[in-house]
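User: Hello! I am new to this structure and would like to learn how to read its features one by one. Could you walk me through them?

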Amino acid sequence: MRKLLIVVPCYNEQEVLPQTIEKLSDVLNDLFKKGKITNDSGLVLVNDGSRDKTWDIIKEHHDKTNYVFGVNLGNNAGHQNALLAGLEYAQDKSDITVTIDADLQDDTSVIEQMIDKYNDGFEVVYGVRNDRKTDSFFKRFTAGVFYKLMSFLGAKTVDNHADFRLMSNTAVKALMQYKERNIFLRGIVTRLGFKSDSVYYARKERTAGETKYPLRKMLSFAWEGITSLSIKPIKLIMFLGLVIMICSIIALAYVLISYFLNETNRGWASLMISIWFLGGVQLFSIGIVGQYVGKTYIETKERPRFYVSEILDYEKV
């Protein structure tokens, strides 16, 4: 049997968190009865600077159980950093770690399948959504575009996999060696190189509360993932510059031929549109390069990714 810790990042989840704890507690109890995990396995709830009663709920369950642990971040460090904080806490205290969001949209029943695959020799097991009927058409469409775009731009990820995964202690310690501040776990875990497999499940509707990823945050998250894993956008800018240069040479040849044929060239509107287009391309390109320069600036500061203000622990852990 192995000790399991389930890491759950929480941000303003007071409506759903009690149900989440109850559901995951049932999973732990069932796995223990089946002899698949030790009796000191538990939940690691990471409060990511919530402004509601999320931390109070975590403390309440910690006080009345012996398997709920809490990590309270000093401010809102973001979903990925909250996951890292939980993994950092768990790396020396567990044999295997499962990360899952608090909204209960991921199927907790497949955690047992993950453990079975771990026992078969897999160090990383991905939870993959093979049925997203509960999502809106817009959500499904944007998700599909996201994964295809990530693949096109050189960021290797597992399609329809979020952050629901099992990792061995060895894999977690390898992950913690990545020190960058602009981190995208879905892409980094696939680069670790450990033997991996997937389990599949249908995505459920959110039990309570509101999504923490509206369109604006989804776009920001996608951009963070692309720029933290790949420099292909910069290469595309260079390619675009080459194409525009070739088009300019062709246009110059057309003008010279028209001149020698004594044809009248008119059309100031098309000339202005060309200038505006090239100006827009230049500004857009500078903006993309600036994003990479800005990320380099942030990395060189080497500021802490998160600050842990309080930990709810037990001596036996």
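**Reading the structure step by step**

Analyst: Gladly, and we can begin with a single residue. Leu104 has a relative accessible area of 13%, so Leu104 counts as buried. Please keep in mind that this is a predicted model.

User: Where is Leu104 found, and what is the value of its phi?

Analyst: Leu104 sits in the loop between β4 and α4. Its phi is near 65°, which is a positive value in a residue other than glycine.

User: Which loop holds Asn160, and what is the phi of Asn160?

Analyst: Asn160 belongs to the loop between α5 (137-152) and β6. Its phi is near 60°, again positive in a residue other than glycine. With a relative accessible area of 24%, Asn160 is partly exposed, whereas Leu104 is buried. Buried here means under 20% relative accessible area. A glycine belongs in this part of the tour too: Gly121 follows α4 and has a positive phi, near 110°.

User: Let me step back to the whole protein. How many helices and strands are there in the protein?

Analyst: The protein has 10 helices and eight strands. Of its 317 residues, 46% are buried. Taking contacts between residues at least 6 apart in sequence, 84% join residues at least 24 apart.

User: Can you show me one such pair? What separates the C-alpha atoms of Pro9 and Leu83?

Analyst: These two residues are 74 apart along the chain, and their C-alpha atoms are separated by 5.9 Å. Pro9 is part of strand β1, and its relative accessibility of 7% makes it buried. Beyond its neighbours within four places in sequence, Pro9 is in contact with Val46, His79, Ala82, Leu83, Ile100, Asp101 and Ala102.

User: Now to helix pairs. At what angle do α1 and α2 pack?

Analyst: For a pair of helices, one reads the angle, the distance, the handedness and then the residues in contact. The angle between α1 and α2 is about 35°, and their axes are 10 Å apart. The crossing is right-handed. Leu17, Pro18 and Ile21 of α1 meet Thr54, Ile57, Ile58 and His61 of α2. Sorted by class, this contact has five nonpolar, two polar and no charged residues.

User: Is Thr54 buried or exposed?

Analyst: Thr54 is buried, with a relative accessible area of 0%. This residue lies in helix α2, which spans residues 54-64. Apart from neighbours within four places in sequence, Thr54 is in contact with Cys10, Asn12, Glu13, Gln14, Leu17 and Asn47.

User: What does His62 touch?

Analyst: His62 is another residue of helix α2. It is buried, at 9% relative accessible area. Not counting residues up to four places away in sequence, His62 touches Val68, Phe69, Leu312, Asp313 and Tyr314.

User: How do the axes of α1 and α4 cross?

Analyst: The axes of α1 (residues 17-33) and α4 (residues 111-119) come within 10 Å, crossing at roughly 40°. The two helices are therefore oblique to each other. Their crossing is right-handed. On the α1 side the contact is made by Leu24, Val27, Asp30 and Leu31, and on the α4 side by Ile111, Glu112 and Ile115. By class, there are five nonpolar, no polar and two charged residues.

Note on methods:
Residues numbered from 1 in each chain as written. Predicted model: local features only at pLDDT ≥ 70, side-chain atom pairs only at ≥ 80, totals over all residues. Heavy atoms only, no water. Axes fitted to C-alpha atoms, helices over the stretch in contact; angles between N-to-C directions. Helix = DSSP H or I, 4+ residues; strand = E, 2+ residues; numbered from the N terminus. Parallel < 35°, antiparallel > 145°, perpendicular 65-115°, else oblique. Left-handed = near helix turned anticlockwise from the far one by under 90°. Contact = heavy atoms within 4.5 Å. Nonpolar A, V, L, I, M, F, W, Y, C, P; charged D, E, K, R; others polar. Buried < 20%, exposed > 50% of the residue type's maximum accessible area, 1.4 Å probe, protein only.
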